[in-house]
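Hi there,

Here is the structure I promised to pass on. Please have a look at it first, and then read my notes below.

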Amino acid sequence: MLALASDLGHLFRTEHDRLMRAMRRLVGSPSTAEDLVQDVFVGLLRGNAFAEAENKQAYLARCATNMALDHLRRERVRARYFSGTDLADCEVACTVPLPDETLQGVQELALLRRTIDELPSKCRAVFLLSRDHGLTMKEIAVRLSLSDKTVEKHIARAMMQCRQALRNAGRAI
């Protein structure tokens, strides 16, 4: 392994510039060429065939050419998926909600607020500590001197009431 790394190190120093020029001609991009040349050497370091090659420079050149051709094939396939589509002409989805969506959200929030206000006081307190204050069930149980199971039941009851209110109002859940 050490001899292989030494051979590759020597070959990298002597052949890198020549490979870079050849790759740039093939792929047309200096940064892509650099990546591909590096990938070639990493691939050679991992494989066994390089150590057995009689003419290491020719083997290196063939590997680099194959790597460039594989890259060009992948780019051609990728281009097929985007052919006829200029990304600058694509419409970007608007992240601002439409007015009717905003109104629907406001109405749903008001409905949920009314539903929460109608909950029994303990249930409402548990639910608000959970949702508005982000407390865990354990923290709520300690704060209100309730059992974990009771806190769980109050949260489940409040959630069921909220879901039912939304269903009754014809809202999808």
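**Surface and overall make-up**

The accessible surface of the protein is about 12300 Å², and 54% of that belongs to carbon and sulfur atoms (areas come from the Shrake-Rupley method with a 1.4 Å probe; for residues, only the protein chains shown count as cover). Please keep in mind that this is a predicted model, in which local features need pLDDT of at least 70 and side-chain atom pairs count only at pLDDT 80 or more, while totals for chains, interfaces and linings use all residues. Residues are numbered from 1 along each chain as its sequence is written, and side-chain values use heavy atoms, leaving out hydrogens and water.

The protein has eight helices and zero strands (DSSP runs numbered from the N terminus: H or I of at least four residues for helices, E of at least two for strands). Of its 173 residues, 24% are buried (under 20% relative accessible area; exposed is over 50%, partly exposed in between, with a 1.4 Å probe and protein chains only).

**Around Phe41**

The largest nonpolar core has 16 residues, and Phe41 is among those with the most contacts inside it, as are Leu19, Met23 and Leu60. Such a core is a set of buried Ala, Val, Leu, Ile, Met, Phe, Trp, Tyr and Cys residues joined through side-chain atoms within 4.5 Å. Helix 1, helix 2 and helix 4 (56-82) each give two or more residues to this core.

Phe41 is buried at 8% relative accessibility, whereas Phe12 is partly exposed at 37%. The two form an edge-to-face aromatic pair, 4.9 Å centre to centre with 75° between the planes (ring centres of Phe, Tyr and Trp, the last by its six-membered ring, within 6.5 Å; planes under 30 degrees apart are stacked, over 60 edge-to-face, the rest tilted). Phe12 lies in helix 1 (residues 2-27) and Phe41 in helix 2 (residues 30-46), so the pair ties together parts 29 residues apart in sequence.

**Helix 8**

Which residues of helix 8 are buried? They are Val151, His154, Ile155, Ala158, Cys162, Ala165 and Leu166. The face turned away from the buried side carries the exposed residues Lys153, Met160 and Asn168.

Best wishes
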